[in-house]
Amino acid sequence: MEEYKPAPASEFSNAAFAPGNQVPYGYPQYAPGPYQGTGNPGFQVQGVAPPPGFAVPPIQNQPVMTPGTIWMPIPPSIPNCPPGLEYLTQIDQILIHQQIELLEILTGFETNNKYEIKNSLGQRVYFAAEDNDCCTRNCCGPSRPFTLRIIDNMGHEVITLQRPLRCSSCCCPCCLQELEVQAPPGKPVGYVVQNWHPCLPKFTIQDERRMDILKISGPCVVCSCCEDVNFEVKSVDETATVGRISKQWTGFVKEAFTDADNFGITFPGDLDVKMKAVMIGACFLIDFMFFEHGSDKKQRAGVWQ
């Protein structure tokens with residue numbers, strides 16, 4: 001495998017970014033219960049007392065804190081690193097678990113998707129929540145445009161994913177899927193662009209200047225049935241594999257009755273953190289395109305359906 005040379009970071013300074021002094025409402029100051037992962041069993045996330053008169057308003061789409069949830073420790077700030085992406089400098093693997101929505105299972109009413117983003121130790125790195133209106137979710141289904149907000153363990157929105165309404169048919173190669181990744185919100189750091197192909201799902205990961213950085217290639221038949229579905233992340237010339245996005249098989253019951261999916265992402269540890277963030281965005285785009293149930297509860301299979 002060829003040695004991967006990460007792109008140099010842009011002139012971004014996070015000196016003005018300072019984590020809040022209090023975990024926002026809905027987040028515990030420490031992790032309840034014993035740690036269930038493979039790391040240090042005695043580790044707990046410590047809170048910091050707020051200064052007098054300091055108040056943090058509630059945030060929307062707060063994560064559901066389950067017993068035993070442990071957040072990844074806050075890393076030190078890094079020069080020229082977008083605020084909040086410091087977590088990604090320490091990892092080469094991401095696990096994404098979509099939360100099961102009971103209302104959606106019982107009524108078929110499409111709700112905003114929510115995801116836990118964890119490291120290989122099971123520590124929560126980020127929480128992602130879709131920000132969409134009821135009409136768009138239920139009328140457009142899996143093809144809907146969306147804004148996905150990714151927050152860190154201090155409640156700061158560190159990554160924003162924006163998907164416009166685009167076509168997924170091979171009959172319209174000029175209007176294929178695209179996703180913009182912003183970090184911090186409002187500052188684009190990369191794009192995921194679908195490439196036209198008659199029978200394979202193909203994407204290009206681009207930086208903020210629209211320069212091609214990586215390629216993604218999936219299988220001919222994108223159907224999760226008793227096995228994982230792998231999307232290979234390759235160099236621009238597609239001669240070397242540098243990572244993978246895998247949709248993990250979760251069992252017959254969960255696959256049949258919910259659209260809550262599990263994904264695994266691997267990438268080089270020295271990859272630019274902005275490109276790691278774009279790979280996370282690519283995973284969400286792939287989820288919506290191929291593994292999100294429609295209103296008839298049939299999983300979308302194939303490339304252009």
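Me: Are Tyr87 and Tyr126 buried or exposed?

Reply: In this predicted model, both Tyr87 and Tyr126 are buried.

Me: How is a pair of aromatic rings described?

Reply: One gives the distance between the ring centres and the angle between the planes. Tyr87 belongs to the segment before β1 (93–98) and Tyr126 to strand β3, so the pair ties together parts that are 39 residues apart in sequence.

Me: Which geometry do the rings of Tyr115 and Phe284 adopt?

Reply: Their planes stand at 65 degrees, with 4.6 Å between centres; planes over 60 degrees apart count as edge-to-face, so this pair is edge-to-face. Because Tyr115 lies in strand β2 and Phe284 in helix α4, parts 169 residues apart in sequence are tied together. Both Tyr115 and Phe284 are buried.

Me: Which residues have the most contacts inside the largest nonpolar core?

Reply: In soluble globular proteins, nonpolar side chains tend to be buried together. Here the largest nonpolar core holds 53 residues, and Ile96, Ile245 and Phe284 have the most contacts inside it. Helix α4 (residues 273–291) supplies the largest share of this core, 15 residues.

Me: How does strand β3 pair with β2?

Reply: In a regular strand, side chains alternate between the two faces of the sheet. Strands β2 (residues 114–118) and β3 pair in the antiparallel sense over five bridges, and Tyr115 stands opposite Ala128 in β3. Seven of the eight residues of β3 (residues 124–131) are buried, so this strand is largely enclosed by the rest of the structure.

Terms used
Residues numbered from 1 in each chain as written. Predicted model: local features only at pLDDT ≥ 70, side-chain atom pairs only at ≥ 80, totals over all residues. Heavy atoms only, no water. Core = buried A, V, L, I, M, F, W, Y, C linked by side-chain atoms within 4.5 Å. Buried < 20%, exposed > 50% of the residue type's maximum accessible area, 1.4 Å probe, protein only. Helix = DSSP H or I, 4+ residues; strand = E, 2+ residues; numbered from the N terminus. Pairing = 2+ DSSP bridges. Phe/Tyr/Trp six-rings, centres within 6.5 Å; stacked < 30°, edge-to-face > 60°.
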